[in-house]
Amino acid sequence: MVAVGLVAVVTAVSCGSDDSNDTSATAAPTGSEPTAATDAGGTAAPAAEGRELVIARDMDINSLDLSRSYCDTCQIFNTAVYETLITVDPADPNKILARLATSWEGNADNTVFTFKLDPAATFTDGSPVEAKDVKWSWERLANVKASASYLMSGLNTLEAPDAATWGATFEAPNSAFLPIVAASYLGVINSDVATEQGASAAADADTADKAEEWFLANSAGSGPYTLESYTQGESLVLARNDQYWGPDKPVFPRVTFSQVKDSSSQLQQLQAGDADIAMQISLDSVSQLEGDSNVTTSVVDSFNYVYIALSPGAEGAEKLQDPNIRKAIVKAIDYDGAIESLVAGKGKKQASPIPNGFLGSADLTLPSYDLEGAKQLLADAGMADGFDLDATYPEANVYGVDFSLMMQKIQQDLVKVNINLQLTPVQFPEWADRIDAKGIPVTAVYFAPDHTDPSQYIQFFGEIPGSSWASRAGGGDAGTPLDNPKESELLATALASSGDARTQAYTDLGQQMIDDAIIVPIVNPQLVLATASDITGMHYSACCNLDLGLLGLAG
Amino acid sequence: MRRFILRRLAVMPLLLLGIVTIAFCISRLIPANPLASIVGERALNNDKIVAAAKARWGLNGSLPEQYFIYIKNLLTGDLGTSFRTRQPVTDDLLHRLPATLELAAGALLIGGVGGVALGAYAASRKDKPADHFSRGFALLGSSLPVFWIGLVFLFVLYARLGWFPGPGRLPPRTKPPDHVTGFYTIDSLLDGNFTLFRQSLHRLVLPCFVLGWAYMGQLSRLVRAAMLDEINADYVRTARAKGLAERLVMRRHVLRNAWLPTLTILGFSFAQLLTASVLTETIFQWNGIGSYAVQAANTLDFPAVNGVSLFAGLAFLLANLTTDVLYAVADPKIRLA
């Protein structure tokens, strides 16, 4: 009772100051300029001037240094603060649009690419964006040897014949290069400013570059927003670039990403008016937003997916070396049931590791539940009595999919064909240790695209030399049992061709990976985009996640 | 007393070295790969990227080499750079410490004052409805899981009723006060911004109550038991026989003598609150050391894990020392040597 009294006293002290119930005070006090009026319910009024945008998000930021960053939130930050030469139409992942470049072209065999920079483009300090900055930024990306550096692999030379022209040459054909250039990690940094702060693009940049800490508090881009402050685990604040050179001026004076870990808290804050955008609301919570006139909700297709991987080369997975047993497992999974139970039906089946909507995905046959077919395959392989398999997986909830639930569902499905999965959830670092040491027979992982070219899926999942999953599954080198030379040939064809031939090559690659039965996509979850009702332009982009420059205010 | 304190302080570095060594060994010897969170899952098979990451983060030497370098840096006050935040661990801890201290102090205030008062009240109404209610309230606090009660409070009191603000130390769209102490309540007062003071205080209520309630339950039961032990003592009977009012008997005699065991719990509780705020900080988006520790452990952020271990060890050692000293001050019969 005394404690309750204490609470009451403290509450009384703060009486009238309840920040969610202010009626007249501005919601940006503390010595700062008022930025947003709030109504009695705490919902931000749609006063265009001075309205600050708040995005509730579980931020996965690993770095704010463009060349070292590699995460979903980084894609949003990079796109807002730095600019790429070209970008991807949010409505069509296969359509490229201009950004810093006014024109671009590749030669017939996709080995030489030339870009013309927009002469009007300027960095936030007013200096022009020049070809030397592009060269420096891309060289730095390659040489810091960070997670996204792989995007520059195969690059032969980078040339800047004049301030406005820019060229890249590859050792081998690379039709993926234009989509890669649209990836947020290939944005352009003001090289003069960054160099002054200890940044380096030299060959030894992985040790010589000392600018990462500077980039945690500063930015040097040409995008519609600049970095104002970053407090890890709390907030990321962007300020409007009032000198932005592009045609579409940014609307919001400030954009604050607020660290909100779970889906239900994001939903509560959106409904209470404490946040304007929530992008990680779980798919089964959408119904709670129905009828809320202050919130606009849409469910859109995404290019993300979760999958299980079967690794015949892992310790204890000898039985998976028979492709028909792997195919039996593929047939024994009830995909529709999984989609219903994991994402409340708001997801799609996916045929191959190439996600729905990407080149090469359209003509592939979606997987189907075929219990009898699975039993027959197992019987033919002499495994009708079944066997046990270790299924160690990272404990995670990604894209609204709870991995534990997913693995339990798959366990239930497989037990019907007498395959018993021994489920072991572990933390991600432990999983990483296992997968690269002795392998894991059956595991679960997820994938979101870094860019919009399908080649990334073959390079990561295909049974070709250099592929991560070829190595993890027990192959990896040419001539090993899992090696699929046909995939290497098709990938070379796809990278050297364009148009229908390229599409056909990726379709064939998708079919090859289905036949490998190593990577089994379970669900391609949709995405909930929930915003305050006066926010316009909300979207999901394959290259950039969310382009803040496209957001606006109604009225 | 001075010799006692100096001796304890002199031993402290050795104890801290032991703590750091154990934390270092455990974090390095568990079968897990910190590169998963440094370079990400997709780059784990890229030899160039992995080699560069190992070199950059000091993971390419043998375990004894890594330990020697760590201890050498530690002696200069360098706790290393966090794999995850890319900032010096010392800066990370110092930045987050005020948030955790503010939360722990509020919880200690609610839990401590509430626990003592509730325990004393229950003892004075032994076996009466008020006693049962107090014990029930205390039991509830110490039994309910913090994460559950935190989520329920947020759902009911914030999302549905709007009586309390949502998670976070400050309202959305609000700039923090100029950094002086890092305590938003104090810094806003120093800024002369009373609106912000009230807002930051208001935002402390729910997380402090959730964290303090569990502690209040333990403390009230302890105080009740200690007071019931004292309540029938001879000196209390004498006080009553002298005609002293019951309220004065309870306050001046019973509670004062029941205070000593409580003091021990109080001292340790503060250190416990500092380190046990993990769930509360996560639920209430409180960017303190508890949430930092969780993220560090989940991603196997070696420097951060070791830094948090060092901090926790230091907190417990200081709490232990402070409790011993206060014990001697409170009870002149106890002599520290």
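In this predicted model, the buried residues of helix 7 of chain B pack against helix 8 of chain A, and also against helix 9 (194-231) and helix 12 (278-283) of chain B. The buried residues in question are B:V146, B:I149, B:G150, B:F153, B:L154 and B:Y158. In an α-helix there are 3.6 residues a turn, so residues three or four places apart point the same way. After helix 7 of chain B comes B:G162, which has a positive phi, near 70°.

Chain B as a whole contains 14 helices and zero strands. Of its 337 residues, 45% are buried. Its C-alpha atoms fill a box of roughly 85 × 55 × 40 Å along the principal axes. When contacts in chain B between residues at least 6 apart in sequence are considered, 71% join residues at least 24 apart. The mean pLDDT of chain B is 87, with 98% of its residues at 70 or more. For the complex, the predictor reports an ipTM of 0.84 and a pTM of 0.85.

The contact between the chains draws 63 residues from chain A and 62 residues from chain B. On the side of chain A that touches chain B, at least two residues each come from helix 1 (2-13), helix 7 (212-215), strand 10 (254-259), helix 8 (263-272), helix 13 (428-437) and helix 15 (468-473) of chain A. Helix 1 of chain A gives the largest share of that side, seven residues. By class, the side of chain A that touches chain B comprises 25 nonpolar, 25 polar and 13 charged residues.

| Strand pair | Residues | Sense | Bridges |
|---|---|---|---|
| Strand 2 and strand 3 of chain A | 86-89 and 92-98 | antiparallel | four bridges |
| Strand 5 and strand 7 of chain A | 112-117 and 165-170 | antiparallel | five bridges |

Strand 2 and strand 3 of chain A make a hairpin, with two residues between them. A:I86 has A:A98, in strand 3 of chain A, as its bridge partner. In the other pair, A:K116 stands opposite A:T165 in strand 7 of chain A.

Chain A has an open sheet of four strands in the order 4-5-7-6, with antiparallel pairing. Strand 4 (101-106) and strand 6 (155-162) of chain A are its edge strands, each pairing on one side only. On average, neighbouring strands of this sheet are turned by 15° against each other, direction ignored. Helix 3 (residues 131-143) of chain A lies across strand 5, strand 6 and strand 7 of chain A, and runs at about 165° to strand 6 of chain A.

A:L421 lies in strand 18 (residues 419-426) of chain A. A:L421 counts as buried because it has 22 C-beta neighbours inside 10 Å, the cut-off being 20 or more. Apart from neighbours within four places in sequence, A:L421 is in contact with A:L389, A:A391, A:I410, A:Q411, A:L414 and A:V442. The C-alpha atoms of A:L421 and A:Q408 are 8.9 Å apart, and the two residues are 13 residues apart in sequence.

Notes
Residues numbered from 1 in each chain as written. Chains lettered and ligands numbered in written order. Predicted model: local features only at pLDDT ≥ 70, side-chain atom pairs only at ≥ 80, totals over all residues. Contact = placed C-beta atoms within 7 Å. Nonpolar A, V, L, I, M, F, W, Y, C, P; charged D, E, K, R; others polar. pLDDT = per-residue confidence, 0-100. Pairing = 2+ DSSP bridges. Axes fitted to C-alpha atoms, helices over the stretch in contact; angles between N-to-C directions. Buried ≥ 20, exposed ≤ 12 C-beta atoms within 10 Å, placed from the backbone.
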